Amino acid sequence: RDLHDVPVVVTWLALLLFLLALALPGDHFSWTAIYTGSVEASGLGRSDAVEQIATFTGRLPIWEASLALASARPILGYGYSAFQSPDMIPVIAEAAGWVPTSTHSGYIDALLSLGIVGLALVVFVLVASTVESVRMSRYQPRYAFATAVLAWLLVNLAFEAPILFNPLFTSFLVFLLLAKISLFPDRNNESSRS
């Protein structure tokens, strides 16, 4: 085995031990104990904690209303930043029961703004960049950071929208990584190891 495989093996062993601990009988490591503890901890003593968790803290009504609006214009969507338009906010606020500032999902926001075409393009670029950074990290370990950030982004976009569409430092970092991976890849050591 190559020395570079050691962190991967250790990570998989730790994950396996964690899952094994959850499967063991007893109250401290059971799925029910972890779920109950997480509900109590996230609720901070509120009585509506279970309802908040069941709706992803109010995200499900927003997603349902946004998807219903997106189904009216599925191919190209409503245009950039469609969620903040005066026509959409009252419809979504009525469905959610409060006035949200975003769709709370980058994928749904892309679908609403850019349609299926734009969503497919966003997902393709992110997945292709993540796959490329994984491939390049085998030869240049510094690309593992890009892989971690892109994997985090793929998961986080399911629950937050501003990361790609609002000017944040996180957005700047992601776009820098995407530019580095796609426009300026370092392939010097790749050909010598093949």
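Start by selecting Ser133 and whatever surrounds it. Setting aside neighbours within four places in sequence, Ser133 is in contact (heavy atoms within 4.5 Å) with Tyr143, Ala146, Thr147, Leu150 and Ile181. You'll find Ser133 in helix α6; helices here are DSSP runs of H or I with at least four residues, numbered from the N terminus. Is Ser133 buried or exposed? Ser133 is buried, at a relative accessible area of 0%. (Buried means under 20% relative accessible area, exposed over 50%, and partly exposed in between, using a 1.4 Å probe and protein chains only.)

A word on what you're looking at: this is a predicted model, where local features need pLDDT of at least 70 and side-chain atom pairs count only at pLDDT 80 or more, while totals for chains, interfaces and linings use all residues. Residues are numbered from 1 along each chain as its sequence is written, and side-chain values use heavy atoms, with hydrogens and water left out.

Now show the side chain of Ser133. It makes a polar contact with the side chain of Thr147 (2.9 Å), and it also reaches the backbone oxygen of Thr130 at 2.9 Å. A polar contact is a pair of N or O atoms within 3.5 Å; within protein, one must be able to donate a hydrogen and the other to accept it, and residues adjacent in sequence count only if both atoms are side-chain atoms.

While you're in α6, pick Glu132 and Arg135. Their side chains meet in a salt bridge (2.6 Å, N to O), that is, a side-chain nitrogen of Lys or Arg within 4 Å of a carboxyl oxygen of Asp or Glu. Glu132 and Arg135 are about one helical turn apart, because they sit 3 residues apart in helix α6.

Where is the other kind of salt bridge partner to look for? Select Arg59 and Glu160, whose side chains meet in a salt bridge (2.4 Å, N to O). Arg59 lies in helix α4 and Glu160 in the loop between α7 and α8, so the pair ties together parts 101 residues apart in sequence. Arg59 is buried at 14% relative accessible area, whereas Glu160 is partly exposed at 24%.

Stay on α4, residues 59–70. Its buried residues, among them Ile62, Trp63 and Leu69, pack against α5 (88–96) and α6 (106–137).

Next, highlight Trp63 and Phe159. Their ring centres are 6.1 Å apart and their planes at 45 degrees, so the pair is tilted. (Rings of Phe, Tyr and Trp, the last by its six-membered ring, pair if their centres lie within 6.5 Å; planes under 30 degrees apart are stacked, over 60 edge-to-face, and the rest tilted.) Trp63 is buried at 13%, while Phe159 is partly exposed at 33%.

Last stop: the nonpolar cores, meaning sets of buried Ala, Val, Leu, Ile, Met, Phe, Trp, Tyr and Cys residues joined through side-chain atoms within 4.5 Å. The largest has 14 residues, and Leu126, Leu153, Leu157, Val174, Leu178 and Ile181 touch the most other members. The elements giving two or more residues to this core are α6, α7 (143–156) and α9 (169–183), with α7 giving the most, 5 residues. A second, separate core of 13 residues includes Ile62, Met88, Ile92 and Leu112.

Note on methods
The expected span of a helix is 1.5 Å times one less than its number of residues.
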